[in-house]
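Please consider the sequence and the model shown below. The paragraphs that follow lead through a sheet, strand by strand.

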Amino acid sequence: MTKPAGNYDAVLSANNQYAKDFGDKANLALPPARHFAILTCMDARLDPAKYAGLAEGDAHVIRNAGGRASDDAIRSLVISHKLLGTQEWFVIHHSDCGMQLFTGEVIADLLEDNLETASFDGHHWSNPKHGGGSVAGHFVHWHTFQDNAKSVTEDVARIRSHPLVPKHIPIYGFIYDVKTGRLDEVAEASAAGKPAA
């Protein structure tokens, strides 16, 4: 079998070392020990374990592009509470998010032209190659946004109003600052996620 280029060997080597030092992690319980979940972005600069002080087994971390409250993210949060006992949820977006650098129309047009990685010059996206694309990108809701605080508030409100989300769960909204490492609360978002009395 041909091995993929790049990080294949490095990942397996790191995993071998991790498994050697696994210790008593085999005894961690299935439900998260601290009974909360985080919905955040997949951006590689964000490490929820570090910015939220998590150890393995502490919390559920749900990640997608933008940390958006998509149907699938809400599905995960509902499972997190209903079957695994989380009692608080954090929605954490971040500064300098790539989801603010394009629109649904832009990515759909790029994909229609070509499926390879596009280039960004700081203002515009372009394909270095042409041909071999697909129109399927025009039928995807990409969940892009322009205003970070507004998007956090929208996501918290969407989760809060979902019929499968219990009204007693507090949902907090934050923006992680990639320049300082600080979590800045979005007051309007946390207000929208306030539990019912």
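Two strands count as paired if DSSP finds at least two bridges between them. Strands (E, at least two residues) and helices (H or I, at least four) are DSSP runs, numbered from the N terminus. This is a predicted model, in which local features need pLDDT of at least 70, side-chain atom pairs count only at pLDDT 80 or more, and totals for chains, interfaces and linings use all residues. Residues are numbered from 1 along each chain as its sequence is written, and side-chain values use heavy atoms, with hydrogens and water left out.

Strands of a sheet pair through backbone hydrogen bonds, either parallel or antiparallel. Here, an open sheet with mixed pairing is formed by 5 strands in the order β2-β1-β3-β6-β7. Its edge strands, β2 (60–64) and β7 (183–185), each pair on one side only.

Strands β1 (residues 36–41) and β3 (residues 88–94) run parallel and are joined by 5 bridges; Phe 36 stands opposite Glu 88 in β3. Helix α3 (residues 71–82) packs on the sheet and touches β1, β2 and β3, where contact means heavy atoms within 4.5 Å.

Strand β3 also runs parallel to β6, with 6 bridges between them, and Phe 90 stands opposite Tyr 172 in β6. Of the 6 residues of strand β6 (residues 171–176), 5 are buried, that is, under 20% relative accessible area with a 1.4 Å probe, protein chains only.

By contrast, β6 and β7 run antiparallel, joined by 3 bridges; the bridge partner of Phe 174 is Glu 185 in β7. Their hairpin has 6 residues between the strands, and Gly 181 takes a positive phi near 80 degrees there.

Methods: Axes fitted to C-alpha atoms, helices over the stretch in contact; angles between N-to-C directions. Buried < 20%, exposed > 50% of the residue type's maximum accessible area, 1.4 Å probe, protein only.
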